[in-house]
Amino acid sequence: MRENFEFSSFPFLEQPTIRSAFLGGFLGQSMGSLYYAEKGASKRPGFFLKPFGETSEFAYSPETKEGFILLEIPNSYRKKSFEPSFGFRLEAFGTKQDPNGVLSAYWQDPVRARRLFISGYRGISSRLFALSSPGDPGEKGKFLRLVWEPGYYRKLEAVQLERSAADPAGSNERTAKGIFGKLGLLITDWGAVSAQIRTYRFYDRTDWIVGRGLYYGFQKRFWSWEIGQEWRENGDNLTEATARLNFPEHWKLQLSVLAAKEKNREPSFVEESLTPEETGLRLTDKPVYVFARIYHPYFALTLRHTRGLDSKGDSLSARFQFFLPLSEDSVESSVPVNRINPALP
C-alpha cells in the first residue's frame, strides 16, 4: 500500500516521501519508466508501468524481487464526475512468497441506501491488533470483512482477523471472529434508535460470546454518526461512538471512540483506517481507544489516542501532511467532487 511504500497520504499525488527518481515517457495514455529509490532500488533500477491510464499500475524491483500492483475500476479520477454503482480496488505489494495488500469491492444503490461491501487485508499485524501485550514486529495479520446494508439503520456484518508469527513454522495462529447484526427500532427524521447483536469468538476458544447493544444514530448520504452501549453475557460492557462527516470546502472527518470497562475479559473491535482510502476493524483490549482522521485535498491529519490497562500508559500519535499546489492545473486535478460515497466502509 502507499503508506508501506512511503508514498504521500493523498491518493491523487503519486509522490514518494523517500528519495527517488523516475526516467521514462508516455505513449498515448500509457506510461513506462525506470525508477531509483533509496529503499528497494538503490543499486539496480526498478521498472514502473501504467498501461491503461489511471486504471492500473505495475512496478517491479529486480534488486529485492518485490513487485507492486494497483487495479482500480473505476479509477479515482472518474469517481470525481459520477457516483459509480460498482467499484473494485486491489493494491498489493511484496514478493511471490510473501504478498501483502488490500482488496475491496462494492455494489451500491444510493437511492435505496443499499450496499454490499467486501474487503480484505494481508500485512503486518499491528494494522489489525492493538493489544497491551504486543507481539513481534514481524508478525503477520489477515483481515476479511463482509458488510450488507439493505437500507438505513440496518446492517449485517461478518469479520475475521488472524495473527501469526513471521516464521510460518513458529507459533500457532490466533483468530478473532465476529458476526454483527443491527436493526432500527424507532426511526425519525432526526435519527433512529437501533438494537444490535454481536457474537464474538476469540483465539482458540470454541464458545461464542454474545453482546447486546442499544444505539442512537443519524444516517444520511453526507452525514453519519452513532453512539451507544453494549453489554456482553460474560459481564463485559463498552461504550462506542463513530462519525463520518462531510463539510463544505471538501473537508471530511472520520472518528471512532471506544470506552471499555477496565476489567473486561475480552477485547473489542474498533473501526479505523487501514490506508488513506480504506477503513477496517482493529482488535484492541485497551479500555480507551480514540481514532480521528481529518482530510482535505490539501491536508491530512491522523490522530490516535490509547490508554493501557489500569488507566496507565496513555499514548498519543499524530501524522500530518499537507499539499501546496503551485499552479491552477494542480488545483483542478486534485480537488474532487464534494460528496461522500456511501459504498465506502
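I take buried to mean under 20% relative accessible area, and partly exposed to mean between that value and 50%. The model I am consulting is predicted.

**Entry 1. Arg 232 and its partners**

I looked up Arg 232 and found a relative accessible area of 6%, so by the cut-off of 20% this residue is buried. I then turned to Asp 236, which counts as buried because its relative accessibility is 2%. The side chains of these two residues, Asp 236 and Arg 232, form a salt bridge with an N to O distance of 3.5 Å. I next asked which residues are linked with them in a network of salt bridges. The network consists of Arg 198, Glu 230, Arg 232, Asp 236 and Glu 240. For the structure as a whole I noted 18 salt bridges.

**Entry 2. Arg 163 and Glu 139**

I recorded a salt bridge between the side chains of Arg 163 and Glu 139, at 2.7 Å from N to O. Arg 163 belongs to strand 11 and Glu 139 to the loop between strand 9 and strand 10, so this pair ties together parts that lie 24 residues apart in sequence. I checked both residues for burial: Arg 163 is buried, and Glu 139 is buried as well.

I located an open sheet of 3 strands, ordered 9-19-18, with mixed pairing. Its edge strands are strand 9 (129-130) and strand 18 (268-273), each of which pairs on one side only. Strand 18 runs antiparallel to strand 19 (residues 279-284), and the two are joined over 6 bridges. Within this pairing I found Glu 272 opposite Gly 280 of strand 19.

I then asked which residue forms a salt bridge with Glu 272. The partner is Arg 304, and the closest N and O atoms are 2.8 Å apart. This pair links distant parts of the chain, since Arg 304 sits in strand 21 (residues 299-307) and Glu 272 in strand 18, 32 residues apart.

**Entry 3. Strands 8, 10 and 11**

I followed strand 10 (residues 140-151) to its partner strand 8 (residues 114-124), and found antiparallel pairing over 10 bridges. Here Trp 148 of strand 10 is the bridge partner of Leu 116. Strand 10 is also joined to strand 11 (residues 154-164) by 10 bridges, again in the antiparallel sense. In that pairing, Leu 146 has Ala 158 of strand 11 as its bridge partner. Strands 10 and 11 make a hairpin with 2 residues between them, and Tyr 153 in the turn shows a positive phi of about 65 degrees.

**Entry 4. The nonpolar surface patch**

I asked which residues form a nonpolar patch on the surface. The patch is made up of Phe 86, Trp 107, Leu 116, Ile 118, Leu 144, Leu 146, Trp 148, Leu 156, Ile 179 and Trp 208, and together they have about 920 Å² of accessible area. Strand 8 and strand 10 are the elements that give two or more residues to the patch. Strand 10 contributes the most, with 3 residues. I noted that the bridge partners Leu 116 and Trp 148 are both among the patch residues.

I also looked up Ile 179, a patch member found in strand 12 (residues 174-188). Ile 179 counts as partly exposed because its relative accessible area is 42%.

Definitions and conventions: Residues are numbered from 1 along each chain as its sequence is written. This is a predicted model: local features need pLDDT of at least 70, side-chain atom pairs count only at pLDDT 80 or more; totals for chains, interfaces and linings use all residues. Side-chain values use heavy atoms; hydrogens and water are left out. Two strands pair if DSSP finds at least two bridges between them. Helices (H or I, at least four residues) and strands (E, at least two) are DSSP runs, numbered from the N terminus. A salt bridge is a side-chain nitrogen of Lys or Arg within 4 Å of a carboxyl oxygen of Asp or Glu. Buried means under 20% relative accessible area, exposed over 50%, partly exposed in between (1.4 Å probe, protein chains only). Patches are made of residues with over 30% relative accessible area and no salt bridge: like charges are joined within 9 Å, nonpolar side chains (Val, Leu, Ile, Met, Phe, Trp, Tyr) within 5 Å. Accessible areas come from the Shrake-Rupley method with a 1.4 Å probe; for residues, only the protein chains shown count as cover.
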